[in-house]
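I opened this notebook to record what I looked up in one protein structure. The entries run from the whole chain to single residues.

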Amino acid sequence: VQILQNLIPQKPQIMVTTSSDANAPVPALRTMRENGATIVTFDSPVGEDGQDLYVNMAPYELQAKAELESALYNNPEGGKVIWLAPSPNITLVNKVQAALDELIATDPRYSVFEFIDTLYMDDDPDKSYSVATSAMQAHPDLAGFITSSGMANPAVNKAIQDTGRTGEVFSTGMA
């Protein structure tokens, strides 16, 4: 948000950005729009009046299906899964999670998975490692993690290895 606010006086004609919070950047982006800028967001849209165009990498259901297909490939028997998300305020993450829930509830192929929790790790590798390690301790029967964060995936994989759970707990996601 601070970076966007610092750019306002430069009166950009076009701003292309993404956000880890759907609402926080909207006032700055709205001011840029009022100054004539075209605002394009990608990866995750921002709130009302904060953008002119949103470019999604793929429909939310398709992203969710890809994550579940990967999870099935790693663990066809399914089991208890934890959703790791950077923040509760990211539209993309919330829409994909809703699509995951819908697919698990309606498609027998994916009903082998049971989401038992959503944990937030702020796109921080150290926190991701800690959260994953703690989650595996709290849930000895955990089958895996599904995440939407490129920062989380390597840290979660390291946590799985360091706790000796390789082959028992999987980690997958899109980032």
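The entries below follow the order in which I consulted the structure.

**Entry 1: the model.** I noted that this is a predicted model, in which local features need pLDDT of at least 70 and side-chain atom pairs count only at pLDDT 80 or more, while totals for chains, interfaces and linings use all residues. Residues are numbered from 1 along each chain as its sequence is written, and side-chain values use heavy atoms, with hydrogens and water left out.

**Entry 2: the whole protein.** I found six helices and seven strands in the protein; helices (H or I, at least four residues) and strands (E, at least two) are DSSP runs, numbered from the N terminus. Along the sequence they follow the pattern α-β-α-β-β-α-β-α-β-α-β-α-β. Along the principal axes, the C-alpha atoms fill a box of roughly 55 × 35 × 20 Å. Of the 175 residues, 45% are buried, where buried means under 20% relative accessible area, exposed over 50%, and partly exposed in between (1.4 Å probe, protein chains only). I also looked up the contacts (heavy atoms within 4.5 Å). Among those with a separation of 6 or more, 67% join residues 24 or more positions apart.

**Entry 3: the nonpolar cores.** I looked next for nonpolar cores, that is, sets of buried Ala, Val, Leu, Ile, Met, Phe, Trp, Tyr and Cys residues joined through side-chain atoms within 4.5 Å. The largest has 20 residues, and those with the most contacts inside it are Leu 68, Trp 83, Leu 100, Phe 113, Ile 146 and Phe 170. At least two residues of this core come from each of α3, β4, α4 and β6 (142-147). The largest share, seven residues, is supplied by α4. A second, separate core has 15 residues, including Leu 119, Val 131, Met 136 and Val 169. In soluble globular proteins, nonpolar side chains tend to be buried together.

I then followed Trp 83. Leaving aside neighbours within four places in sequence, the contacts of Trp 83 include Val 96, Leu 100, Phe 115, Leu 119 and Ile 146.

**Entry 4: Leu 103.** Leu 103 lies in helix α4 and counts as buried because its relative accessibility is 6%. Apart from neighbours within four places, Leu 103 is in contact with Glu 61, Ala 64, Lys 65, Leu 68 and Tyr 110. The C-alpha atoms of Leu 103 and Glu 61 are 8.1 Å apart, although 42 residues separate the two along the chain.

**Entry 5: the largest pocket.** What is the volume of the largest pocket? I recorded about 270 Å³. The closest lining residues to its centre, out of 20, are Asp 43, Pro 86, Leu 92, Val 93 and Ser 148. On a 1 Å grid over the protein atoms alone, a pocket is an open set of points where a 1.4 Å probe fits, with protein on both sides within 12 Å along at least five of seven lines; lining residues have an atom within 4 Å of a point. Grid points are joined across faces, edges and corners, and the volume is the space filled by probe spheres set on them. Helices α3 (60-74) and α4 each supply at least two lining residues, and α4 gives the largest share, three residues. The lining divides into nine nonpolar, eight polar and three charged residues. For this count, Ala, Val, Leu, Ile, Met, Phe, Trp, Tyr, Cys and Pro are nonpolar, Asp, Glu, Lys and Arg are charged, and the others, Gly among them, are polar.

**Entry 6: two positive phi values.** Most residues other than glycine have a negative phi. Asp 43, in the loop between β2 (38-42) and β3 (53-55), has a positive phi near 70°. Its relative accessible area is 31%, so Asp 43 is partly exposed. Lys 11, in the loop between α1 (2-7) and β1, has a positive phi near 50°. Lys 11 counts as exposed because its relative accessibility is 53%.

**Entry 7: Ser 87.** Is Ser 87 buried or exposed? Ser 87 is buried, with a relative accessible area of 12%, in the loop between β4 (79-85) and α4 (91-106). Its side chain reaches the backbone nitrogen of Asn 89 at 3.0 Å, a polar contact (a pair of N or O atoms within 3.5 Å; within protein, one must be able to donate a hydrogen and the other to accept it, and residues adjacent in sequence count only if both atoms are side-chain atoms). Beyond four places in sequence, Ser 87 touches Ser 20 and Tyr 120.
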